[in-house]
Amino acid sequence: HFLHVPGKGPNAHKRPLLLSHGWPGSVLEFMKLVPRLTDPAAFGGDARDAFTLVVPSLPGYTLSFTEHQPRKGLAEIGAIFDALMTERLGYARYAAQGGDWGSFITAWLGANRAPHLAGIHLNMMPLKRDPAAFANPSAVEQQYVQALQRFMKEEAGYQAIQGTRPQTLAFALTDSPLGLAAWFAEKYRTWTDNQGDPRDALTMDEMLGNLSLYWFTGCIGSSFWPYYARLHGPWPIEGDIAVPTGYAAFPREILQPPREAAARQFTNIHRWSTMPRGGHFAAWEQPDALAGEICSFFRDLL
């Protein structure tokens, strides 16, 4: 399942942009972002920045879930999305943007489908979460390693159970709407830019709408699969990524690596922006700011 939304601008048909979400998200995350990218003039922007958008659900997630379908890891999803763009839709060259698992998929495309990519833009930086990878860290990298160690100790429990015992958890969350709501609400509270209540960042309709997509499709177990694949296989993004790269660093993102750490793998960073507000669900929380960053980054690339 995917949205294919033509842009309202003179060159929009030449500016295809793939948007990828992650867990616990869905295409609903992009409902405020889509009109700002397809019709920027309606929001005070330049019509020449308009994109034609392709917004797929991840295989196994919400409307892209069916019973007994094969499970997909991140590299497989990246290959599927590239085939969607190039073979099914006929775009020889396109742009890609993503957060959460979408940032991994977007980076994988940059590493493995570079000839097809005009550039990639991220609002989460998918670096290896291994403090041992920093043999001689600089002062700013030492701060990041300390934050990473805190995250792995206090915040990574969901990764461990989703990545090692996904079916056990799936039975519980598929059986209990309250349990599913609690599992999601904890992430909305922890990962958004709020003052103690996720409703400071997201509306109840937004949170419940996304939750409902998972509940009524029964996809929660399938949505855990990228965690299982990541913990039981190689890191999904290997090698240097040399395509033009942009990054929007939102202050309440899960982890905030410094540019020098990212530049070790992303070797062609064109834009690195420190954002004043927002968290992990940037397209929901700060759609104007994220749309502005995406338009500015791709303006001279497409």
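Strands (E, at least two residues) and helices (H or I, at least four) are DSSP runs, numbered from the N terminus. I took two strands as paired if DSSP finds at least two bridges between them. Strand 2 (residues 16-20) pairs with strand 3 (residues 52-56) over 3 bridges, in the parallel sense.

On sources: this is a predicted model, where local features need pLDDT of at least 70, side-chain atom pairs count only at pLDDT 80 or more, and totals for chains, interfaces and linings use all residues. Residues are numbered from 1 along each chain as its sequence is written, and side-chain values use heavy atoms, with hydrogens and water left out.

Then I looked up the cores. A nonpolar core is a set of buried Ala, Val, Leu, Ile, Met, Phe, Trp, Tyr and Cys residues joined through side-chain atoms within 4.5 Å; buried means under 20% relative accessible area with a 1.4 Å probe, protein chains only. The largest has 63 residues, and Trp 23 and Phe 266 have the most contacts inside it. Helix 3 (residues 101-112) gives the largest share of this core, 6 residues. Apart from it I found another core of 23 residues, including Leu 33 and Phe 298.

Key. Buried < 20%, exposed > 50% of the residue type's maximum accessible area, 1.4 Å probe, protein only.
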